[in-house]
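Here are some notes for a first look at this structure. Please keep the sequence and the 3D view open while reading.

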Amino acid sequence: MKKSLFASLGLVAMLMATSVQAKTLVYCSEGSPEGFDPALYTAGTTFDASSKTIYSRLAEFENGTTNVIPGMAESWSSSADGLEYTFKLRPGVKFHTTDYFTPTRDMNADDIIFSFDRQMNEDNPYFQYVDGAAWEYFNGMDMPSLIKEIVKVDDMTVMFVLNKPESPTVANLAMDFASIFSKEYADQLAASGNMGDLNQKPIGTGPFQFVAYQKDAVIRYKANPSFYAGKPAIDDLIFAITTDNSVRIQKLKANECQVAPYPNPADIAGLQADSNLNVMSAEGLNVGYLAYNTKVAPFDNVNVRKALNKAINKQAILDAVFNGAGVAATNPIPPTMWSYNKSIKDDSYDPVASKKMLEDAGVTDLTMKIWAMPVARPYNPNARRMAELIQADFAAVGVTAEVTSYEWGEYLKLSKAEDRDGAVLLGWTGDNGDPDNFLAVLLSCSGVGGSNRAQWCNKEFDDLTNKAKQSSDAAERTELYEEAQVVFKREAPWATIAHSVVFMPMSNKVTGYKMDPLGGHRFEGVDIAE
């Protein structure tokens, strides 16, 4: 009797064990990644597919906040003069084991140094390991002039020695470009002549391991069982690349995916009324803009730029593109960010004055291009529609504009060109909660030809933002950034368009998802009900 009972219980246990299926979450991504080395790029789409899933950093942003917490470094300290930052590394952090790489050691100081040296040292074999490698973020933040050297104190201690103090240093090292790579894996690829695989077959220490990528279709990941913060609850994570906003929502409603970002603003009310869905929302730490190429005539003339700004009917854009879920942008940083200059007045919508200013500047029969993004972004849910509205506004003042676009990766690449025609629609979501991340990255002289799509270099503006970075006094930094915004508005390298409210619809079976104020999509803390 007992033997029979135990046998029956054993059989039930076995059947239960075999019936347990792996938990799978499908995320309908809005676009394809440019690659899987986040240091090479600046697009949030790429970061979601690489740095947010596969990699870790010395410091991390606490999920759902801009608070900086320990990551691969369990602690850090800085010298009194702010020129030395010493990081004590977390022991036992393991790189991913895949069918193409098996690590022989844990993460150590060599990996930290390699991850940054390749972005700043022209003699590093990985400095130009892919065509056109520009380390856009690293250079846009002027890191080459900031970092004097990175010292290996011992296997588990590294010291960043700076040429000048920089207040947001630790927060900067929590950003996507600062993801840590395996030097052992890089050396293996170099020895085999397959260095490009660092960008195509990634190895990290993050919550999910890369499995496969079918271009423009699907990315597959699996949970990292050795993740230092604990194995994620999701066993299999799938990015189903779905560029059409409406199709993403159709897939969500059909449970073909469980999370679908960037819905059409007109669809929000219907999604909120669906009892099977949960629609999160938050005021975005973002800005959408139209960047003129200030190196190319007539956009090198500030009066022409300001005239075009006056031609743009922002309220019509907010109504038609954002469906009211946004506010007109005055400054290049959002109003929720500290140091926002509330005293600055926006360009008024005045087509009559716009036309006269163009005539006074000697500009007649102007023909230009307006670049429109092919994908939805949090700061611009429909760039094509926005471009068409601006096109009509410009026509009303005698300017003929052609709307043009490219595949997302090509769009980002070509829009950096210093001889680019016309004006490009783009935007930004903050990466570390600091004004420097907007003002210096997007508008500094060091960002020209990269993250500074306006190709605008203004010494007065640069001096103000550089001085602000070097100060540890919050009041002084605020005053300097407020002055920098005055210079920006006076010189008008952009037409500032809007700051949006971000909506995040998902299945109500999804738990643990937190909206990232920095705009990313993270799944290490997410679970899904069976």
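1. A term comes first. On a 1 Å grid over the protein atoms alone, a pocket is an open set of points where a 1.4 Å probe fits, with protein on both sides within 12 Å along at least five of seven lines; a lining residue has an atom within 4 Å of a point. A volume is the space filled by probe spheres set on the points, and grid points are joined across faces, edges and corners.

2. The model is predicted: local features need pLDDT of at least 70, side-chain atom pairs count only at pLDDT 80 or more, and totals for chains, interfaces and linings use all residues. Residues are numbered from 1 along each chain as its sequence is written, and side-chain values use heavy atoms, with hydrogens and water left out.

3. Start with the second largest pocket. About 430 Å³ of space lies in this pocket. Its lining has 25 residues, and nearest its centre lie Arg 57, Glu 60, Phe 61, Arg 522 and Glu 524. Strands β2 (59-61) and β3 (68-70) each supply at least two lining residues. Strands (E, at least two residues) and helices (H or I, at least four) are DSSP runs, numbered from the N terminus. By class, the lining holds 11 nonpolar, 5 polar and 9 charged residues. Here Ala, Val, Leu, Ile, Met, Phe, Trp, Tyr, Cys and Pro count as nonpolar, Asp, Glu, Lys and Arg as charged, and the others, Gly among them, as polar.

4. Now the largest pocket. It holds about 600 Å³ of space. Of its 27 lining residues, Glu 34, Tyr 41, Asp 131, Gly 409 and Lys 413 are the closest to its centre. Which helix gives the largest share of the lining? Helix α14 (residues 408-414) does, with 4 residues. The lining has 10 nonpolar, 8 polar and 9 charged residues.

5. Next, an open sheet. Its 4 strands have the order β1-β10-β9-β8, with mixed pairing. The edge strands, β1 (24-27) and β8 (208-214), each pair on one side only. Neighbouring strands are turned by 20 degrees against each other on average, direction ignored. Such angles are taken between axes, lines fitted to C-alpha atoms, and run from 0 to 180 degrees between N-to-C directions. Strands β8 and β9 (residues 218-223) run antiparallel and are joined by 6 bridges; two strands pair if DSSP finds at least two bridges between them. Gln 214 stands opposite Val 218 in β9.

6. Strand β5 has pairings of its own. Strand β4 (residues 73-78) runs antiparallel to β5, with 5 bridges between them. Ser 77 has Thr 86 in β5 as its bridge partner. The hairpin of β4 and β5 has 5 residues between the strands, and Gly 82 there takes a positive phi near 75 degrees. Strand β7 (residues 157-162) also pairs with β5 in the antiparallel sense, over 5 bridges. Thr 86 stands opposite Met 159 in β7.

7. Two loop residues deserve a look. His 96 sits in the loop between β5 (84-89) and α3 (109-120). Is His 96 buried or exposed? His 96 counts as buried because its relative accessibility is 1%; buried means under 20% relative accessible area with a 1.4 Å probe, protein chains only. A polar atom of the His 96 side chain lies 3.1 Å from the backbone oxygen of Gly 206. Ser 32, in the loop between β1 and α2 (44-49), is buried too, with a relative accessible area of 10%.

How values were computed. Buried means under 20% relative accessible area, exposed over 50%, partly exposed in between (1.4 Å probe, protein chains only). A polar contact is a pair of N or O atoms within 3.5 Å; within protein, one must be able to donate a hydrogen and the other to accept it, and residues adjacent in sequence count only if both atoms are side-chain atoms.
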